[in-house]
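Colleague: Thanks for sitting down with me over this one. Could you take me through the model, a few residues at a time?

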Amino acid sequence: MEINSKISNKINSNIKDTALIFEGGGMRASYTAGFLNNLLENDLYFDYVVGISAGSSHSVNYLSRDPERARRSFVEIAQDPNFGGWKSFLKGEGFFRSQYLYEETSLPGGVLPLDFETFMANPAQLRIGMFERRLGKVVYYSKDDIKEMKDLMKIVRASSSLPIFMPPTHYDGQSFVDGGLGGGIALDIAKQDGYRKFFVVLTREKGYRKTPVKFKRSIKTYYRKYPQVARAMLHRHLIYNKTLDELEALERQGQAFLVYPETMPVSNREVNFEKLSHSYQLGYAQGKRDVPQWKNFLGID
């Protein structure tokens, strides 16, 4: 895609030694959208961004520098009659109607139009993780894999396709489910790409640790054709907790800053607009208060 030079010349990164990592968490991202918008409002522009699941949407909204879309993607969208719910789940369309949410709302004239030109003009690197069902591992896509908007939105949809609650996403000859199955916090790829300092936006309170999933037999039965998916679901808590342990150690060493919600008032499948709006406001207020700490860690005056 040919990038408008007038746009690209205006977009720069001022944080080049630190990876920005967005955790997933479904509609809990309504809270962390408030953090995201404080990053944008304070001109904190990272040169490397990675996200998984809902964190992939945050990454795209952050790189397109669109605070309104960041909020609406996890607050106002719940008012859209095509958003989803149990009726759409029973129809096989998913609890969240992923084809609509990721492949239709972003189009010009859609309810969440994406400024794709600004996104592509942003010089920052991007990584989005998704779990390939047959390979049984997380695969990361980058900007080099994106030629047009439909590529990007397929990738974001794939990263966000919750197991059981949403149908898998077929893209690039592969079959994907939610990238969170690989753990959920993409520290691995940021380290692999050479980063040693990390700013991590989390969707759970400080001290949280995942517990083993329930209904193990049902999960194995549901994914009997894809045992790698069942195995990943059953072991996810171990990887997630190990990653948090590592991040906390990095934080003690001054190499990471972990942004935790002080409280988390919604679940990952919350659909109530008022609750989501309240969640966003809490996150925004916390972020506004904590920006000086963020700047201190990042070395920004």
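Colleague: Let's start with tyrosine 171: is it buried or exposed?

Modeller: Happy to, and a word on the basis before that: this is a predicted model, where local features need pLDDT of at least 70, side-chain atom pairs count only at pLDDT 80 or more, and totals for chains, interfaces and linings use all residues. Residues are numbered from 1 along each chain as its sequence is written, and side-chain values use heavy atoms, without hydrogens or water. Buried means under 20% relative accessible area, exposed over 50%, and partly exposed in between (1.4 Å probe, protein chains only). Tyrosine 171 has a relative accessible area of 14%, so it is buried.

Colleague: Which kind of aromatic pair do tyrosine 141 and tyrosine 171 form?

Modeller: Tyrosine 141 is in strand S4 (residues 137–142) and tyrosine 171 in strand S5 (residues 169–171), so the pair links parts of the chain 30 residues apart; helices (H or I, at least four residues) and strands (E, at least two) are DSSP runs, numbered from the N terminus. Rings of Phe, Tyr and Trp (its six-membered ring) pair if their centres lie within 6.5 Å, with planes under 30 degrees apart counted as stacked, over 60 as edge-to-face and the rest as tilted. Here the centres are 5.9 Å apart with 55 degrees between the planes, and the pair is tilted.

Colleague: And why is the pair of tryptophan 86 and phenylalanine 89 edge-to-face?

Modeller: These two are three residues apart in helix H5 (residues 86–90), so about one helical turn separates them. Tryptophan 86 is partly exposed at 47% relative accessible area, and phenylalanine 89 is partly exposed at 24%. Their ring centres are 5.4 Å apart, and the pair is edge-to-face because the planes are at 90 degrees.

Colleague: How do helices H3 and H8 pack, at what angle?

Modeller: Contact means heavy atoms within 4.5 Å, and this one is made by Ser56, Ser57 and Val60 of H3 with Leu152, Val156 and Ser159 of H8. Axes are lines fitted to C-alpha atoms, for helices over the stretch in contact, and angles run from 0 to 180 degrees between N-to-C directions. The axes of H3 (residues 54–63) and H8 (residues 149–159) are 7 Å apart, and their angle is about 150 degrees.

Colleague: Last one: what phi does aspartate 172 have?

Modeller: Most residues other than glycine have a negative phi. Aspartate 172 sits in the loop between S5 and strand S6 (174–177) and is exposed, with 53% relative accessible area. Although it is not a glycine, aspartate 172 has a positive phi of about 60 degrees.
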